[in-house]
Amino acid sequence: LFQKEVFVFSPKGNLFVLPKNSCIIDFAYRVHSDLGNHCIGGRVNGRMVPLKHTLSNGDTVEIIQSSTQTPHREWLDIVQTTKAKGRIRSWIKKQQREHSVQLGWELLERGLKKHSCHRRKNTSDKIKQYREKIDRVLATLKLSDEQHLLASIGSGHTTVPSVIKVLFGDVSRQSTQLPHSNPNKILPPQHATHSLPGAAATTASETILVGGTRKNLLLNFCGNCNPLHGEQIQGVITRGRGIKVHRLDCKYLLESDEERRIDAAWDDDEDITTTGAKARPKRPVWLEVVVCQDGPGMLADLSGIISSLNINIEGVVLKKKSSNGGGGLVARFEVMLSGVQELENLMQKMRMNKGVISVARK
């Protein structure tokens, strides 16, 4: 009769009805949203289980939580209840907006540093000047307030040059910047609606710093070129997906709109742990190895070289070099590397192996 539902209990004996195939996360959100947001696992009938564990009729469920836990996008693939999906999407959307506002402020601050105007000593004049300028931008772009403006810039829906054009008109006609005048500043997101232009604010760098240990919802890497630490990079502000980081020779970067490009560099300081050790995350790279003969142990030799450098192999694709009986082999390895130096060491080791014709990154 109740094939589409499961009946489970809390440790105190309270009954909860959930859809069939519900998991630990569904139960946590059914009890309380905060419990779901901080859920890291659970105990079912006294036994520890992972988040994706499917609940059954009669289970007694206890949720284990951590203050450092937050919802993950992957949770949407395993939860069943509408409430859980709604709360997870709401949290992700909120985090994306906060990142968009912060990124939008940094991008606009960088653009405004190239322009300046005469600053008056009278506070009321500065307030009036600021309001007139920002109201003109909001009216032109049909946005309700400064937070929406910054979020729109950070998400890529509004470009900084379009805002500059509304603020200053034709940039080519602007007069030369005065030697002692300060750039206009838009204020940090949390104070943007209350502060005045030119007030103390953290100065945005001319370059976006790309680190590895800190997650950023609006910073991702191009899947075509897969840049590694140590390679020259540049960012592209995409619509709704933040900044995508490319290698300088990536065809997608070269084909992108120049107005959306932004300088980027690796943030070495972010990759240092509290013990002083490097903690760069591994990134996927495909290597194509061409060998003259598919002799016994050739694949094992190549795999052994990779393993000897403590490099993980994520995938292997093998194919014959040609169909005319030449006997050659092309092996493609997907490996996880922390930087360009590790890549060069691996390629050098592989080229030294007998029978290897060429090693190239793909």
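Let's start at Asn21, which sits in the loop between strand E2 (15-19) and helix H1 (24-31). Keep in mind as you look around that this is a predicted model. Asn21 has a phi near 75 degrees, a positive value in a residue other than glycine. What makes that worth a glance? Most residues other than glycine have a negative phi.

Is Asn310 buried or exposed? Its relative accessibility is 66%, and the cut-off for exposed is over 50%, so Asn310 counts as exposed.

Now step back and take in the whole chain. You'll find nine helices and 14 strands in it. Of its 362 residues, 41% count as buried. The accessible surface of the chain comes to about 20700 Å², and carbon and sulfur atoms account for 49% of that. How do the contacts run along the sequence? Taking those between residues at least 6 apart in sequence, 65% join residues at least 24 apart.

Next, a pair of helices. Two packed helices are described by the angle between their axes and the distance between the axes. Here, helix H3 (residues 82-112) packs with helix H6 (residues 160-168) at an angle of about 50 degrees, and their axes are 10 Å apart. That angle makes H3 oblique to H6. The crossing in which H3 passes H6 is right-handed. Which residues meet there? From H3 come Leu107, Leu108, Gly111 and Leu112, and on the H6 side they meet Val160, Val163, Ile164, Leu167 and Phe168. Sorted by kind, the residues of this contact are eight nonpolar, one polar and no charged.

Finally, find Leu228, in the loop between strand E7 (219-221) and strand E8 (233-237). Although Leu228 is in a loop, its relative accessible area is 0%, so Leu228 is buried. What does Leu228 touch? Leaving out residues up to four places away in sequence, its contacts are Trp266, Arg283, Val285, Leu337, Gly339, Val340, Leu343 and Arg361. Gln341 is 113 residues from Leu228 along the chain, yet the C-alpha atoms of Leu228 and Gln341 are separated by 9.2 Å.

Key. Residues numbered from 1 in each chain as written. Predicted model: local features only at pLDDT ≥ 70, side-chain atom pairs only at ≥ 80, totals over all residues. Heavy atoms only, no water. Helix = DSSP H or I, 4+ residues; strand = E, 2+ residues; numbered from the N terminus. Buried < 20%, exposed > 50% of the residue type's maximum accessible area, 1.4 Å probe, protein only. Contact = heavy atoms within 4.5 Å. Areas by Shrake-Rupley, 256 points an atom, 1.4 Å probe, with all protein chains shown as cover. Axes fitted to C-alpha atoms, helices over the stretch in contact; angles between N-to-C directions. Parallel < 35°, antiparallel > 145°, perpendicular 65-115°, else oblique. Left-handed = near helix turned anticlockwise from the far one by under 90°. Nonpolar A, V, L, I, M, F, W, Y, C, P; charged D, E, K, R; others polar.
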